[in-house]
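Let me put the model up, and then I'll talk you through a few spots.

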Amino acid sequence: MIDLTSVWLTLALALITAALLMVVSVPLAWWLSQTRRGIKPVIEAVTALPLVLPPTVLGFYLLILFSPDAPIGGAWLAVTGETLSFSFAGLVIASMIYSLPFAVQPLQTAFEALPRGALDSALTLGARPLDRFRTVILPLARRGVLTAFVLSFAHTIGEFGVVLMVGGNIPGRTRVISIEVFSAVETIDYRTAHILSGGLLIFSLLILTAIYVLNRTRPHRVG
């Protein structure tokens with residue numbers, strides 16, 4: 001029998017990670033799309049690092065940072081009374097770092113493609129920077145925002161290496177679907193592994209199809 005706890009835990013992790021990533025990635029992507037400073041390539045490289053860095057390597061360094069002996073892990077332990085490693089909170093932070101390029105890159109591309117005329121018009125009309133960003137920039141870049149959210153959500157659901165290194169395999173706490181599949185294969189429970197893997201395969205295909213359809217669809221221009 002399949003333990004649905006891992007399914008709900010995975011969905012919660014993916015939703016929280018994607019939502020928090022939007023808060024972090026939107027201003028970062030906007031800055032990257034507008035700045036001409038020499039440090040920009042370095043920031044872009046750091047942001048994209050999880051794309052090429054093996055998940056186990058990233059997970060190893062995060063595990064060190066989350067240790068109670070490290071400043072970050074020690075501060076978390078002092079405030080919450082719990083360790084950051086092998087916890088759900090640790091999984092959220094690790095997932096945000098691992099999925100960061102899947103949020104930042106679509107957003108940056110969308111911001112860079114915005115028509116300059118619309119931005120200049122809003123500025124000419126006296127719109128404050130925050131109002132211009134909220135009422136003009138975000139609506140025009142909504143496809144990029146949606147793509148970034150969906151990709152971050154889907155990528156978090158499929159995580160394995162980082163999750164295993166940082167969270168381990170604690171039922172009801174850090175055992176997400178990918179870890180559940182791994183555990184099922186280890187115990188030769190291929191039925192559970194087939195069901196969970198098939199579900200992830202179908203989910204991934206549907207998500208990617210939806211994104212491609214969204215990006216291929218263009219609004220009709222008036223006039």
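This is a predicted model: local features need pLDDT of at least 70, side-chain atom pairs count only at pLDDT 80 or more; totals for chains, interfaces and linings use all residues.

Residues are numbered from 1 along each chain as its sequence is written, and side-chain values use heavy atoms, with hydrogens and water left out.

So, the core. The largest nonpolar core has 25 residues, and W30, L107 and F111 are among those with the most contacts inside it. By that I mean buried Ala, Val, Leu, Ile, Met, Phe, Trp, Tyr and Cys residues joined through side-chain atoms within 4.5 Å. Buried is under 20% relative accessible area, exposed is over 50%, and partly exposed is in between, with a 1.4 Å probe and protein chains only.

Which elements give two or more residues to this core? They're α1, α5 (88-112) and α7 (129-140), and α5 gives the most, with nine residues.

Take F111: leaving aside neighbours within four places in sequence, its contacts (heavy atoms within 4.5 Å) include V26, W30, F133 and I137.

Now S99, also in helix α5. Buried or exposed? S99 is buried, at 0% relative accessible area. Not counting residues up to four places away in sequence, S99 touches L21, S152, H155, T156 and E159.

I39 sits in the loop between α1 (5-34) and α2 (40-52), and I39 is partly exposed at 44%.

Technical notes:
Helices (H or I, at least four residues) and strands (E, at least two) are DSSP runs, numbered from the N terminus.
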